[in-house]
Amino acid sequence: DGVMGIDLGTVNLRLSHFQTDGGGGGGAAAASTSANKPVVVVDREGGRSPPAAVYFDDDGGDGEDNAAIWGRLAASKMHERPGGVLSPGRLLLEDDDDDDDEQRRRTSDAVKEVVRPACRNALDQILGASSSSRSSSSSASSSKSGPLFSVDPRSAGGGYNVRPSFAYPPVEDGNTGEWDAGYVSRYSEAVGGLSSPPSAAAFVPEPVAAVAGARTLGILPGGAGKRGAGAGAGGTVMVLDVGGTVTSASLVAPSSSENARHEGDADVLECLRLPSLGGEALIEALVNVVARDFFAVRAASEVNDAMALQRLHDAARGAVMELSGGKNRVQVNVPYLTVDERMRPRHLDAGIGADVLEAEMNDLVRSRSDEYAAAGALSKNMPPAKDLASAFSSLIMRVLEEGNMNPFELEAVLVVGGGARSPIVRRALRRGLASIAGEQFVDDRMVVPRGEMIEELVVLGAAVVGGKS
C-alpha cells in the first residue's frame, strides 16, 4: 500500500508517504498521494519536522526500565540537562567505534526511541487504525517491540503493509575506509525490529533521495528548461545539503556511471562534509550576539544559567526562522530571562539585523577554518575560508576535484536542507558557486526549491526510491 520515507537528521525527523498502488487507508494524507506524488506526513501537533531528540530519565538508557521522552519535550531540555539529551542522528554519525558495545547500544536505543513512536503515530494517522493495510496480526505493531512495517499483509509478524525507506548521509567508515559500511550497519541494527522481515527496509543515500524527489516533483526536470545544461537529461547533479549541523556537497550521477558507489537509479560519486556548519550555526551565532550584550560575556558558552540559556536558544530559533522568512530585522524578546545582583528581574528585548547575524556567521566560519581543513573538506588550491561564501566555494571546488570534474559538466546544482532556508546561507552559496563558475552559471544551473520543499526533498525522494526497490 505504499512506502514511508524516513529522514532522521541530526536536528529534526521528517516522514513522508508515497502511495505506490493507488490504494490506501482513510487518512487525508493518504488520499493526497493518489496522483503518484509523495507527501510529507504532518504530526498530531501540526508539525512537519519534530526534533530528533530523546531524553532518558536516568543515565541508563537501556530501553528496559528507563522512561524516555522524545521530540519537542526532549529538545526543550537540551541546555537544562547538557549531555542528557541525545541526538540519534548525530550519534549515528559520531559513534563509529564498533568495538564499543556500550556506545553502540546507546546509539541503537536512542534511534529506536525516536523513530518507532514517530512512525507508529504517522502510520495510524495516515492509514487509520482499522485500515486493511494492516496485517492479520496487527496488534503487534502497537507494541513497543513488534514490527510496524510488513511487505506481506498475511505475515504473522504484524505491522502495516508499508515498506520503510530510510535516507542516510553517505559517510566513509573511519575504521574500514568502506563507503557507508559502518553507518548503515549501525542504522539497520537499530531499526531492524521495525520491519517484517527486516530486509524489507530500504536504505537510500540522502543526495540520491534529493535528486529523485526533485525529478519526481518537477523541480529538476532532467535538464529541461535550464539553459546550457551541460550533461542534459539524467546528467550529473551536485547536491549542496545545508543540514542542521553539517553541510555536505555530493555528486550524483546515473547508475551506469563508472566508479559509482551505490546501485539504483542514481549513485553517489563523491561526498564531502563541513562539520559544525548548518542551520544550528545560525542559531549559535545569534545567541552569541545577544549573550555578549546581555550577559557581558565573550560567548554564550560562558553563561552559567542553564535555564536562561535554554530560553535564549528557543527565542533565537524563532528569530532565525523569522529572518529566513525574509525579514531584515527581528526583535528577540524574553521576559524575566534572569535577575540582577539585587534579585530584580531582567528582561531581554534586543533588535538584531540580518547584517549583524551574517557578520557573526562569517566570524564563526573563520574561527573554524582549521577544523574544516582537518576534515579534508576544503580545496588545497584555495585560500583558507575567511567567511561563509569562501567556505562554500572551497567545499564545492574540493568535491569537483575529487570527482575529476569541472562545473560545466554538471546538469544542475541542487540546494537542499533546512539551513538553506536562510537568505544569508543562500546568498553565500550563490557567491561561492559564482566565484568558481560565474554568475551566468549560477543563473542557469543553481536550483533552489521554494519554501518548505527545500528541506523536505530528501524525505520525499526517499519514499520514491524505496518504492522502486
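## Close-up views of a predicted model

**View A. M238 and the residues around it.** Set aside the neighbours within four places in sequence, and M238 is still in contact with S250, L251, I396, V399, L400, L410, A412, V413 and L414. Keep in mind that this is a predicted model. M238 also belongs to the largest nonpolar core, a group of 71 residues. Along with L286, F295, L348 and L388, M238 is among those with the most contacts inside that core. Helix α7 (residues 279-294) gives this core its largest share, 10 residues.

**View B. A second core.** Here's a separate nonpolar core, made up of 35 residues. Among them are C119, Y160, F166 and A190.

View C. Find E360 in helix α9, which covers residues 354-367. Is E360 buried or exposed? E360 counts as buried, because its relative accessibility is 11% and the cut-off for buried is under 20%. The side chain of E360 is joined to the side chain of R292 by a polar contact of 2.6 Å. Not counting residues up to four places away in sequence, E360 touches R292 as well as A285, N288 and V289.

View D. The buried ones are E206, P207, V208, A209, A210, V211, A212, G213 and A214. Just after α6 you come to G218, which has a positive phi of about 75 degrees.

**View E. Y336, a positive phi in a strand.** Y336 is not a glycine, yet its phi is positive, at about 55 degrees. Look for Y336 in strand β14, residues 329-339. Y336 counts as exposed because its relative accessibility is 57%, and the cut-off for exposed is over 50%.

**View F. N404, a positive phi in a loop.** What is the phi of N404, which is not a glycine? For N404, phi is positive, about 55 degrees. You'll spot N404 in the loop that links α11 (388-402) and β16 (412-416). With a relative accessibility of 69%, N404 counts as exposed.

**View G. A cis peptide bond at P197.** Zoom in on the peptide bond from S196 to P197: this bond is cis, and its omega is near -5 degrees. P197 sits in the loop between β9 (195-196) and β10 (202-205).

Terms used:
Residues are numbered from 1 along each chain as its sequence is written. This is a predicted model: local features need pLDDT of at least 70, side-chain atom pairs count only at pLDDT 80 or more; totals for chains, interfaces and linings use all residues. Side-chain values use heavy atoms; hydrogens and water are left out. Helices (H or I, at least four residues) and strands (E, at least two) are DSSP runs, numbered from the N terminus. Buried means under 20% relative accessible area, exposed over 50%, partly exposed in between (1.4 Å probe, protein chains only). A nonpolar core is a set of buried Ala, Val, Leu, Ile, Met, Phe, Trp, Tyr and Cys residues joined through side-chain atoms within 4.5 Å. Contact means heavy atoms within 4.5 Å. A polar contact is a pair of N or O atoms within 3.5 Å; within protein, one must be able to donate a hydrogen and the other to accept it, and residues adjacent in sequence count only if both atoms are side-chain atoms.
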